[in-house]
Amino acid sequence: MKILVVDDAKMARKILVKNIPEAVKEHGEVLQASNGQEGLDLYKEHKPDLMFLDLTMPIMDGFECLEKIMEFDNNANVYVVTADIQQAAQDKVKELGGKDVLQKPADPEKIKNIVLEYLKNE
Ligand SMILES: [Mg+2]
């Protein structure tokens, strides 16, 4: 299983990666990117099973990144993890094809459950 974590804040990426179950990290691959452009490039190269995406980032923000990923792969499983959980942002994420919006800092249980859900489908 491949998971892509995209956030410009190193600490935020670290927290997300920490909450991914060890078994997944051992037998799969966890990729990281620090802006939307890098995230998009890595997505195209690796086609991860699951992606966690920040919204506010330099170079390319999460909305644009999500939009371009969905154009590339309309079955992408993208969860947005952001401090901006205003309704407008949530609606836009859903409209673009994001699975869900999680508030930062991400709840460890939620992250774990999302990962396990996709692991089952392997
Ligand atoms: Mg950010």
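Student: Which residues coordinate the magnesium ion?
Tutor: In this predicted model, the donors of the magnesium ion lie at 2.1 to 2.2 Å, and in sequence the donor residues are spaced D-x45-D-x1-T.

Student: How many residues apart in sequence are the parts that the pair Asp8 and Asp54 ties together?
Tutor: Asp8 lies in the loop between β1 (2–6) and α1 (10–18), and this residue is partly exposed at 37% relative accessibility. Asp54, which is buried with a relative accessible area of 3%, lies in the loop between β3 (50–53) and α4 (62–72). The pair therefore ties together parts whose separation in sequence is 46 residues.

Student: Within what arc do the buried residues of α4 fall, seen down the helix axis?
Tutor: The buried residues of α4 are Gly62, Phe63, Cys65, Leu66, Ile69 and Met70, and what covers them includes α3 (36–46), β3, β4 (78–82) and α5 (87–96). They line one face of the helix, because seen down its axis they fall within an arc of 165°.

Student: Which element gives the most residues to the largest nonpolar core?
Tutor: The largest nonpolar core has 24 residues, and those with the most contacts inside it are Met51, Leu53 and Ile69. Elements that give two or more residues to this core include β1, β2 (29–33) and α5. With five residues, the element that gives the most is α4.

How values were computed:
Residues are numbered from 1 along each chain as its sequence is written. This is a predicted model: local features need pLDDT of at least 70, side-chain atom pairs count only at pLDDT 80 or more; totals for chains, interfaces and linings use all residues. Side-chain values use heavy atoms; hydrogens and water are left out. Donors are N, O and S atoms within 2.8 Å of the metal (3.2 Å for Na, K and Ca); water is not among the atoms, so sites may look incomplete. Helices (H or I, at least four residues) and strands (E, at least two) are DSSP runs, numbered from the N terminus. Buried means under 20% relative accessible area, exposed over 50%, partly exposed in between (1.4 Å probe, protein chains only). The arc is that of the directions from the helix axis to the C-beta atoms. Contact means heavy atoms within 4.5 Å. A nonpolar core is a set of buried Ala, Val, Leu, Ile, Met, Phe, Trp, Tyr and Cys residues joined through side-chain atoms within 4.5 Å.
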